[in-house]
Amino acid sequence: MVTGTTLLSMTVCEREAWLIAHAIGPDQDNPFIEIGRLLHQESYREKTIREVNLPGIRIDLIYDEKGVLVVGEIKKSSKFLKGARIQLLHYLNELEKRGVRATGKILIPKEKKQLPVVLDDESREELRRFIELTERTIRLPKPPEKRRNSFCGKCGYELLCWS
């Protein structure tokens with residue numbers, strides 16, 4: 001199953017996406033994973049509904065904003081905006097399939113940013129193509145070859161790939 005996390009990872013590293021899809025978890029003691037976990041716990045505490053889990057979806061928070069349902073995705077920084085957007089589009093699409101119409105926001109508390117994400121025909125098509133690419137990758141019999149990129153040094157899979 002393609003999840004929001006798999007889609008996010010696919011924008012950074014196909015190998016990471018494959019590992020996640022095959023239930024091979026990252027190093028949970030990685031300091032960057034710990035920072036992300038803490039940021040999720042401490043940010044936007046005033047929002048009413050936090051951590052909604054459905055098959056393939058783990059939404060950080062949902063709240064009402066002037067009569068509009070907003071799905072919020074909390075991120076440490078704006079480094080992974082492409083992935084965060086695809087992830088949020090996936091959540092909005094899955095909710096829409098279940099009869100729930102919503103809009104999205106990427107929330108970056110440290111940068112005091114809130115970036116809107118709207119599911120429209122163009123973004124649905126972009127999401128569909130990206131899901132197809134991700135499905136092809138995770139169906140591979142073994143993980144894609146490792147390729148060093150600028151994110152490897154902070155990745156929870158760094159030791160698995162590079163030690």
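Is Lys 112 buried or exposed? The notes below take this up in point 6, after the overall layout of this predicted model.

1. **Overall layout.** The model is predicted. The protein has six helices and five strands. Starting at the N terminus, the order of elements is α-α-α-β-β-β-α-β-β-α-α. The protein has 163 residues, and 40% of them are buried. Of the contacts with a separation of 6 or more, 66% are between residues 24 or more positions apart.

2. **Strands E2 and E3.** Strand E2 covers residues 57-65. E2 and E3 run antiparallel, and five bridges join them. Leu 61 has Gly 72 of E3 as its bridge partner. The hairpin of E2 and E3 has two residues between the strands. In that hairpin, Lys 66 has a positive phi near 55°. E3 itself has seven residues, five of them buried, so the strand is largely enclosed by the rest of the structure.

3. **E3 to E4.** Strand E3 (residues 68-74) and E4 run parallel, with five bridges between them. Between these two strands the chain passes through helix H4 (residues 81-97), and the β-α-β crossover is right-handed. Two pairs of residues can be picked out along E3 and E4. Val 70 is opposite Thr 103 of E4. Gly 72 is opposite Lys 105 of E4.

4. **E4 and its other neighbour.** How many of the six residues of strand E4 are buried? Five are, so E4 (residues 103-108) is largely enclosed by the rest of the structure. E4 also pairs with strand E5 (residues 113-117). Here the strands run antiparallel, again through five bridges. Ile 106 has Leu 115 of E5 as its bridge partner.

5. **Asp 60.** This residue is in strand E2. Asp 60 has a relative accessible area of 8%, so it is buried. In sequence, Asp 60 and Leu 107 are 47 residues apart. In space, their C-alpha atoms are 9.9 Å apart.

6. **Positive phi values.** Most residues other than glycine have a negative phi. Lys 112 has a positive phi, near 55°. Lys 112 is in the loop between E4 and E5, and the hairpin formed by these strands has four residues between them. The opening question is settled by its relative accessibility: this is 75%, so Lys 112 counts as exposed. Ala 23 has a positive phi as well, near 60°. Its place is the loop between helix H2 (14-21) and helix H3 (31-42). Ala 23 counts as exposed because its relative accessibility is 72%. Lys 66, in the hairpin of E2 and E3, also has a positive phi.

7. **H4 against H5.** How do the axes of H4 and helix H5 (residues 121-138) cross? They come within 10 Å of each other, at roughly 105°. H4 is therefore roughly perpendicular to H5. On the H4 side, the contact is made by Arg 85, Ile 86, Leu 89, His 90, Asn 93 and Glu 96. On the H5 side, it is made by Ser 123, Arg 124, Glu 126, Leu 127, Phe 130 and Ile 131. By type, the residues of this contact are five nonpolar, three polar and four charged.

8. **Asn 93.** This residue is in helix H4 and takes part in the contact with H5. Buried or exposed, on which side does Asn 93 fall? Its relative accessibility is 13%, so Asn 93 counts as buried. Leaving out residues up to four places away in sequence, Asn 93 touches Leu 119, Arg 124 and Leu 127. Arg 124 and Leu 127 are among the H5 residues of the helix contact.

Technical notes:
Residues are numbered from 1 along each chain as its sequence is written. This is a predicted model: local features need pLDDT of at least 70, side-chain atom pairs count only at pLDDT 80 or more; totals for chains, interfaces and linings use all residues. Side-chain values use heavy atoms; hydrogens and water are left out. Buried means under 20% relative accessible area, exposed over 50%, partly exposed in between (1.4 Å probe, protein chains only). Two strands pair if DSSP finds at least two bridges between them. A crossover is right-handed if, with the strands pointing away from the viewer, the path from the first strand over the helix to the second runs clockwise. Axes are lines fitted to C-alpha atoms, for helices over the stretch in contact, and angles run from 0 to 180 degrees between N-to-C directions. Angles under 35 degrees count as roughly parallel, over 145 as roughly antiparallel, 65 to 115 as roughly perpendicular and the rest as oblique. Contact means heavy atoms within 4.5 Å. Ala, Val, Leu, Ile, Met, Phe, Trp, Tyr, Cys and Pro count as nonpolar, Asp, Glu, Lys and Arg as charged, and the others, Gly among them, as polar.
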